[in-house]
Structure formats: C-alpha cells, structure tokens
Amino acid sequence: MTTTHTPRPSIPAPFVQRFSSTLLGARLARLLVVHELDSWGFGRGSALVGRVEIVVGELAANAVTHGKVPGRDFEVRAELRVTEGVLRVDVADARGERRPPRRPAPRAPLAEGGHGLVLVDACADRWEVVDRGPVGKTVRAEFAVDGVL
C-alpha cells in the first residue's frame with residue numbers, strides 16, 4: 001500500500017543579528033528584517049510586513065536612543081512560531097533599568113517624539129517587555145499569521 005505524503009512547507013530558521021547602537025544600525029535592522037520576511041515568502045508590500053517594519057523601526061530606534069550602553073550593541077530576532085500562529089520579533093538592549101511603559105499615553109499630535117510606542121501598540125497584535133539575562137531587556141512584539149502558512 002502506498003501512502004501519499006504532502007510535504008509541509010519548511011519553517012525558516014530564526015533571523016538573529018546584532019547591530020551597532022547607532023541610527024544607521026537601527027535603519028539597517030529595519031531593512032534586514034523586511035528583507036528576511038520577504039525571503040520567508042511574506043510579500044514585501046503586504047500589510048503584515050508593513051506593520052512589522054514600523055514596529056522594528058520604532059523598537060530599534062528606542063534601543064539606540066534609550067537603551068544604548070557605550071560599547072554594547074542591540075540585537076534583533078525574528079522568528080516564525082508556527083504552532084502558536086505568530087511571527088515574534090524581539091529587540092534587545094543592555095539597559096534593563098530603562099523600561100518603556102506598558103500602555104503608552106498618546107501625545108499631542110504636534111509634539112516631537114513620544115509616538116513610537118503608540119505605533120507599536122497599534123501595529124503589533126501583542127507586545128511586552130521581558131528581562132534579558134544577564135543584563136538588559138527585550139521588547140517583544142507578536143503578529144498573528146494564522147492562515148498565511
């Protein structure tokens with residue numbers, strides 16, 4: 001008796017990269033995550049990739065602006081968690097004592113700065129701040145991908 005086997009699409013390996021704690025490093029993080037998602041089969045112009053791009057850009061900029069420790073990089077990790085139906089993006093820095101508020105307060109429309117976490121809250125399906133050992137913190141954002149795979 002012969003059985004047919006439908007191969008499951010392969011799950012891509014997580015993307016993990018450290019970047020210099022500079023504005024150029026933050027921009028490069030955003031661009032490389034978008035490139036990686038494109039290589040995973042998510043369309044570069046899709047709504048999901050657009051939301052992830054905004055969140056990575058904001059979190060990387062925050063890591064550079066608020067989480068910078070001289071001589072220390074920040075790290076970005078993107079991982080497809082098929083069993084949970086999510087795409088998880090972590091941005092980690094070395095400043096564990098400087099944690100963002102869980103629910104950001106909206107700022108006046110013309111105020112300079114302070115809108116990044118409002119964007120993260122609007123774009124990610126879920127986000128949180130977790131400890132990073134031995135030092136630092138990780139801001140984790142998750143995006144539902146049910147039905148995409």
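**Strands and their partners**

Modeller: Let us begin with a pair: facing Glu79 is Arg88 in S3. Please keep in mind that this is a predicted model, where local features need pLDDT of at least 70 and side-chain atom pairs count only at pLDDT 80 or more, while totals for chains, interfaces and linings use all residues. Residues are numbered from 1 along each chain as its sequence is written, and side-chain values use heavy atoms, with hydrogens and water left out.

Colleague: What makes S2 and S3 a pair?

Modeller: Two strands pair if DSSP finds at least two bridges between them. S2 and S3 are joined by seven bridges in the antiparallel sense, so they qualify. A strand here is a DSSP run of E with at least two residues, a helix is a run of H or I with at least four, and both are numbered from the N terminus. S2 and S3 also form a hairpin, with four residues between them. In its turn, Gly85 has a positive phi of about 70 degrees.

Colleague: How do you know that S1 pairs with S2?

Modeller: The test is passed again, because five bridges join these antiparallel strands. Arg18 stands opposite Glu75 in S2, and Phe19 has Phe74 in S2 as its bridge partner.

Colleague: Why are S1 and S4 called edge strands?

Modeller: The five strands form an open, antiparallel sheet in the order S1-S2-S3-S5-S4. S1 and S4 (126–131) each pair on one side only, and that makes them the edges. From one strand to the next, the twist averages 15 degrees. H1 packs on this sheet, where it touches S1, S2 and S3. The direction of H1 makes about 165 degrees with that of S1; axes are lines fitted to C-alpha atoms, for helices over the stretch in contact, and angles run from 0 to 180 degrees between N-to-C directions.

Colleague: Is Leu24 buried or exposed, and how do you know?

Modeller: Leu24 is found in H1. Buried means under 20% relative accessible area, exposed means over 50%, and partly exposed lies in between (1.4 Å probe, protein chains only). The value for Leu24 is 63%, so it is exposed. Ala61 is 37 residues away from Leu24 in sequence, with 9.6 Å between their C-alpha atoms.

Colleague: And why does Gly71 get its label?

Modeller: Gly71 sits in the loop between H2 and S2. Its relative accessible area is 82%, so Gly71 also counts as exposed.

Colleague: What makes Arg77 partly exposed?

Modeller: Arg77 belongs to S2, and its relative accessible area of 27% falls between the two cut-offs, so "partly exposed" is the word. Contact means heavy atoms within 4.5 Å. By that rule Arg77 touches Pro14, Phe15, Val16, Arg88, Val89 and Asp90, leaving out residues up to four places away in sequence.

Colleague: Why can S2 be called largely enclosed?

Modeller: Six of the eight residues of S2 are buried, so the rest of the structure largely encloses this strand. For the protein, 38% of its 149 residues count as buried.

**A helix and the core**

Colleague: How do you know that the span of H2 is close to what is expected?

Modeller: The expected span is 1.5 Å times one less than the number of residues. H2 has 19 residues and reaches 27 Å from its first C-alpha to its last, against an expected 27 Å. Among its buried residues are Leu48, Val52, Val56, Leu59 and Ala63. An α-helix has 3.6 residues a turn, so residues three or four places apart point the same way. The cover over the buried residues of H2 includes H1, S2, S3, H3 and S5.

Colleague: Last one: what makes a group of residues a nonpolar core?

Modeller: The members are buried Ala, Val, Leu, Ile, Met, Phe, Trp, Tyr and Cys residues joined through side-chain atoms within 4.5 Å. The largest such core has 34 residues, and Val52, Phe74, Leu87 and Phe143 touch the most other members. H2 gives the largest share of this core, nine residues. Val52 is in contact with Val33, Leu37, Leu87, Val89 and Phe143, leaving aside neighbours within four places in sequence.
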